[in-house]
Amino acid sequence: MNWLSRTASRTTGVVAAVGLVLAAASPASAQSAIRDTEIEGIIHEWSAPVFTAMGLEPSEVEILLINDNDLNAFATRGRIMGLNTGLIRKTRSANELLGVIAHEAGHIRNRHTLRDGAQGAGMQPMLMTMALGALAIAAGAPQAGAVLLGNSQYFGTLSALRYMTHQEGEADNTGARALENAGESGRGLVSFFENFRSQEVFSDARRFPYFRSHPLSSDRIENLRRFVGEQSNYDRVDSPERIAQHALILAKIHAFMDEPNQTLREYPESDATVTGRYARAIAWYRDGQTEKALTAVDELLAEQPENPYFWELKGQILFEEGRPAEAIGAHQRSVDLLPDAPLLRINLAHALIETHDPTKLDQAVLELKRATALENDNTMGWRLLSQAYASQGKEGEARLASAEMYFAAGSEREATQFALRARDMLSPGTLEWTRAMDIVFASGATQDDIDDVDRRNSRRDRGGVIPAG
């Protein structure tokens with residue numbers, strides 16, 4: 001996995017590591033947002049036709065991967081959907097995972113998130129807390145967001161944690177219709193719920209988090225089974241390619257999240273499949289067996305030289321071993337093969353910067369500008385761009401990139417401060433100067449605020465006393 005996802009990478013200071021990119025998280029918290037170009041690409045490829053059939057614009061639905069072993073998923077306003085790795089690992093097929101995604105998208109389509117009144121007074125605080133958690137992750141504060149998501153059940157009464165039964169049915173039907181219209185079977189959604197039918201007899205304290213907020217009932221399952229069974233695509237099965245993709249998703253999650261020894265037990269050397277070998281290469285890398293991991297990746301590349309993710313893994317192994325100059329070629333190849341993947345460009349730029357070779361900075365800047373153009377809320381990209389500009393002595397551009405980083409992370413005060421510093425170092429009227437002022441005003445600063453900062457800076461420059469406040 002490329003552990004530098006669109007959300008995790010928004011966190012300042014996240015170091016790219018191959019595979020699932022983990023956001024900086026406290027050891028005390030098991031939850032964090034993760035990024036992986038390969039997994040994200042597969043999930044969006046599966047989901048896009050379903051979202052379109054539902055009347056949603058696929059590019060506007062943000063799917064967050066949450067590093068948490070609890071079986072859970074959520075949808076909230078802003079068209080944000082979260083999938084816990086624990087839920088993904090519990091799915092037995094690609095169709096089951098797609099069914100859950102379709103159901104959550106049904107809540108988004110029907111505007112069940114942050115809905116008013118009908119659930120009772122306790123429901124709104126819980127939903128608000130979930131929404132704030134999701135938005136915090138998306139804005140670049142995954143640790144704070146994970147805490148909010150993890151504790152949302154404490155806001156409101158236990159009875160308020162349940163969605164209204166009719167809304168669950170609506171989401172089921174909306175998701176099932178969209179699956180049908182996209183040429184997919186709804187069987188997986190039924191089988192996923194059927195697999196956890198026993199949840200309905202447990203107390204709230206014993207249920208998986210997903211089924212505390214998405215209560216099951218025999219009637220609900222039977223109604224969904226009857227509805228799905230009437231659809232023309234009910235008997236459609238996953239293609240061999242999709243089966244392989246689902247197996248790959250599970251293998252990468254296991255390999256990056258479990259202890260290496262556990263992964264090696266689950267994917268022993270007798271497993272000669274590409275998925276098994278991929279998992280072992282990651283496990284050996286994480287276990288510090290660098291040369292063994294590199295040999296395994298080279299064998300995979302000999303068979304699939306056009307696979308950008310194998311090149312990405314090789315580059316990351318070399319980078320993490322303190323060999324950035326050697327990593328450049330592998331990362332460059334991954335970018336050549338998948339030029340529209342911003343995380344791959346960030347990996348390449350990071351390796352270029354870490355060689356400490358001034359002649360490589362121009363290319364690093366170019367890669368980072370392209371990456372942030374593709375994903376302008378990627379704080380990792382902006383942080384590295386600031387670092388590259390500073391190494392070139394371009395202080396105004398460096399401060400502007402820092403302003404962009406804080407702006408993407410939702411830190412308006414810091415964004416304003418860095419944008420004003422950039423303004424003073426950039427030529428008035430240039431695109432960069434104009435962008436700095438755009439950030440200032442977009443961050444909520446008024447002209448009076450700007451004048452106050454200018455007065456303070458002027459006094460500081462003269463060595464005067466700056467009044468408090």
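**View 1. Hairpin of strands β4 and β5 in the predicted model.** Between the two strands of this hairpin lie 3 residues, and Gly78 adopts a positive phi near 85°. Strand β4 covers residues 73-76, and β5 covers residues 80-84. The two strands pair in the antiparallel sense, with 4 bridges between them. One of the residues of β5, Ile80, is the bridge partner of Thr76.

**View 2. The two faces of strand β4.** Ala73 and Ala75 are on one side of the strand, and Phe74 and Thr76 are on the other. These four residues are all buried, so both faces are covered, with buried taken as under 20% relative accessible area.

**View 3. Surroundings of Tyr210 in the largest nonpolar core.** This core has 98 residues, and those that touch the most other members are Phe192, Phe193 and Tyr210. With neighbours within four places in sequence set aside, Tyr210 is in contact with Leu71, Asn72, Ala73, Leu87, Val100, His103, Glu104, Phe192 and Phe193. Ala73, one of these contacts, is also a buried residue of β4.

**View 4. A second, separate core.** This core consists of 14 residues, among them Ala415, Ile439, Val440 and Ile450. In soluble globular proteins, nonpolar side chains tend to be buried together.

**View 5. Glu375 in the loop between α17 and α18.** Helix α17 spans 361-374 and helix α18 spans 379-391, with Glu375 in the loop between them. Glu375 counts as buried because its relative accessibility is 8%, where the cut-off is under 20%. The side chains of Glu375 and Asn378 are joined by a polar contact of 2.8 Å.

Technical notes:
Residues numbered from 1 in each chain as written. Predicted model: local features only at pLDDT ≥ 70, side-chain atom pairs only at ≥ 80, totals over all residues. Heavy atoms only, no water. Core = buried A, V, L, I, M, F, W, Y, C linked by side-chain atoms within 4.5 Å. Buried < 20%, exposed > 50% of the residue type's maximum accessible area, 1.4 Å probe, protein only. Contact = heavy atoms within 4.5 Å. Pairing = 2+ DSSP bridges. Polar contact = N/O pair within 3.5 Å; in protein donor to acceptor, adjacent residues only side chain to side chain.
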